[in-house]
Amino acid sequence: MLLLLAVCVLGVLLLHGAGRLCAVRREPARALPPFSGGLAPAEHPASRFHVRWYPVSLVFLAFDMEMLFMYPWVRVVGEMGTPAVVEMFLFLGILLAAVAYAWREGAFRWS
């Protein structure tokens, strides 16, 4: 048990030493012109996002999950027939109800 502990500690120390030896020394970032956007940045790149972006990102994730479920459905709909189409329209109806609820609650309002 002690031998295993010693090997683990030695491995961690060797990896830590190798990381320090191979570390790249970087200079602090200078104020450079924009890379490809063409406009000067208005704020610091590491600034926080406004809270209004979180509901939008959650709605995006909901529709992203919708597409994740629709791809395999396309492969199976020919074999299953009408029940698969009905199930997909029920699924899309639930998503549409969620979007209507988010709209009513003001998730898409920018002011």
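Predicted model: local features only at pLDDT ≥ 70, side-chain atom pairs only at ≥ 80, totals over all residues.

Biologist: OK, is Glu66 buried or exposed?

Modeller: Glu66 is buried, because its relative accessible area is 11%.

Biologist: How many helices and strands does the chain have?

Modeller: The protein chain has three helices and zero strands, which gives the pattern α-α-α along the sequence; helices here are DSSP runs of H or I with at least four residues, strands are E runs of at least two, and both are numbered from the N terminus.

Biologist: And where is the confidence lowest, and where highest?

Modeller: In terms of pLDDT, the predictor's confidence in each residue from 0 to 100, the mean is lowest in α2, at 82, and highest in α1, at 94. The protein chain as a whole averages 82, with 86% of the residues scoring at least 70.

Biologist: What does UniProt list as "transmembrane region"?

Modeller: The unreviewed UniProt entry lists residues 53-73 and 85-103 under that name; the positions follow the numbering used here, feature names are shortened, and annotations may be inferred rather than shown by experiment. In the model, residues 53-73 are 100% helix and 0% strand, with end C-alpha atoms 30 Å apart, and residues 85-103 are also 100% helix and 0% strand, with their end C-alpha atoms 27 Å apart.

Biologist: Switching to the surface, which residues make the nonpolar patch?

Modeller: Phe49, Val51, Trp53, Tyr54 and Trp110 make a nonpolar surface patch of about 630 Å². Patches are made of residues with over 30% relative accessible area and no salt bridge, where like charges are joined within 9 Å and nonpolar side chains (Val, Leu, Ile, Met, Phe, Trp, Tyr) within 5 Å. Phe49 lies in the loop between α1 (2-22) and α2 (53-80), and Phe49 counts as exposed because its relative accessible area is 65%.

Biologist: Which side chains meet in a salt bridge?

Modeller: The structure holds one salt bridge, in which the side chains of Glu105 and Arg104 meet at 3.3 Å, N to O; the term requires a side-chain nitrogen of Lys or Arg within 4 Å of a carboxyl oxygen of Asp or Glu. Glu105 is partly exposed at 48% relative accessible area, while Arg104 is exposed at 60%.

Biologist: How many disulfides are in the whole structure?

Modeller: The search finds zero disulfides, taking a disulfide as a pair of cysteine sulfur atoms within 2.5 Å. Cys8 is partly exposed at 44% relative accessibility, and Cys22 is exposed, with a relative accessible area of 62%.

Conventions. Residues numbered from 1 in each chain as written. Heavy atoms only, no water. Areas by Shrake-Rupley, 256 points an atom, 1.4 Å probe, with all protein chains shown as cover. Buried < 20%, exposed > 50% of the residue type's maximum accessible area, 1.4 Å probe, protein only.
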